[in-house]
Amino acid sequence: MRSGEELDGFEGEASSTSMISGASSPYQPTTEPVSQRRGLAGLRCDPDYLRGALGRLKVAQVILALIAFICIETIMACSPCEGLYFFEFVSCSAFVVTGVLLIMFSLNLHMRIPQINWNLTDLVNTGLSTFLFFIASIVLATLNHRAGAEIAAVIFGFLATAAYAVNTFLAVQKWRVSVRQQSTNDYIRARTESRDVDSRPEIQRLDT
């Protein structure tokens, strides 16, 4: 039988050995804050964007495009069908693309991809959607057979055109502000670099 002192000695050696192995182990528990980890865990909705003009317009565009697409899908017979197919393509494409942009902006996902000019992307989407919805609505209104679903689709098509047109105007204004701000930042950066060169005579001697 081992004495109590020997058991205490073994326990002390085991605890010190576990501490040393734990300190040298590469599998240490991370202390990185949860908010700084990459991934989708830290996503939060931006209520300020949804309450703003651009956010409300995006929600209205998604709803109008979806209703227009549903109305055009309820038509069982058509002749000719080219206008119906074109309107179906425009409404479905606008719903998908605008829905993706709404998710990107409302969850601030666009901030994680700074390589893309999101202001210009939104401007291109709204401009093309305005033009295509306007053309598709006129074509469908010209070729429709006065059916209830076709009339409803035309009405929601023109409403979507108006929503996209207003969004296009606001997107142009926002894009101009971003371009002006970028040029100002470039000018300030260039002036700062020139002042740094002037304040360092060793650089001037190397240039001469």
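How far apart should the ends of helix α5 be at 1.5 Å a residue, and how far apart are its end C-alpha atoms? The 26 residues of α5 (118–143) should span 38 Å, and the end C-alpha atoms are 37 Å apart, which agrees. The expected span is 1.5 Å times one less than the number of residues. Helices here are DSSP runs of H or I with at least four residues, numbered from the N terminus.

This is a predicted model: local features need pLDDT of at least 70, side-chain atom pairs count only at pLDDT 80 or more, and totals for chains, interfaces and linings use all residues. Residues are numbered from 1 along each chain as its sequence is written, and side-chain values use heavy atoms, with hydrogens and water left out.

Asn-117 caps the N-terminal end of α5. A side-chain oxygen of Asn-117 lies 3.4 Å from the backbone nitrogen of Asn-119. Several α5 residues are buried, among them Trp-118, Asp-122, Phe-133 and Leu-140. Buried means under 20% relative accessible area, exposed over 50%, and partly exposed in between, with a 1.4 Å probe and protein chains only.

Helix α4 has 25 residues. Its first and last C-alpha atoms are 36 Å apart, close to the 36 Å expected at 1.5 Å a residue. Just after α4, Asn-108 takes a positive phi of about 60°.

**Salt bridges**

The structure holds two salt bridges. A salt bridge is a side-chain nitrogen of Lys or Arg within 4 Å of a carboxyl oxygen of Asp or Glu.

| Pair | Closest N and O atoms |
|---|---|
| Arg-51 and Asp-48 | 2.9 Å |
| Asp-122 and Lys-58 | 2.7 Å |

The Asp-122 pair links distant parts of the chain. Asp-122 sits in α5 and Lys-58 in helix α3 (residues 53–73), 64 residues apart. Both Asp-122 and Lys-58 are buried. Why does Asp-122 count as buried? Its relative accessibility is 8%.

Arg-51 and Asp-48 both lie in helix α2 (residues 47–51). They are three residues apart, about one turn of the helix. An α-helix has 3.6 residues a turn, so residues three or four places apart point the same way. Arg-51 is exposed, with a relative accessible area of 53%. Asp-48 is exposed as well, at 54%.

**Pocket and cavity**

On a 1 Å grid over the protein atoms alone, a cavity is a set of points where a 1.4 Å probe fits but cannot get out. A pocket is an open set with protein on both sides within 12 Å along at least five of seven lines. Lining residues have an atom within 4 Å of a point. A volume is the space filled by probe spheres set on the points, which are joined across faces, edges and corners.

The largest pocket has a volume of about 280 Å³. Of its 16 lining residues, the closest to the centre are Phe-105, His-110, Trp-118, Asn-119 and Lys-174. Helices α5 and α6 (148–198) each supply at least two residues of this lining.

There is one cavity of 30 Å³ or more. The largest cavity holds about 30 Å³ of space. Its lining is Cys-78, Pro-80, Gly-83, Leu-84, Leu-140, Leu-143, Asn-144 and Glu-150. Helices α4 (82–106) and α5 each supply at least two residues of the cavity lining.

Definitions and conventions:
Polar contact = N/O pair within 3.5 Å; in protein donor to acceptor, adjacent residues only side chain to side chain.
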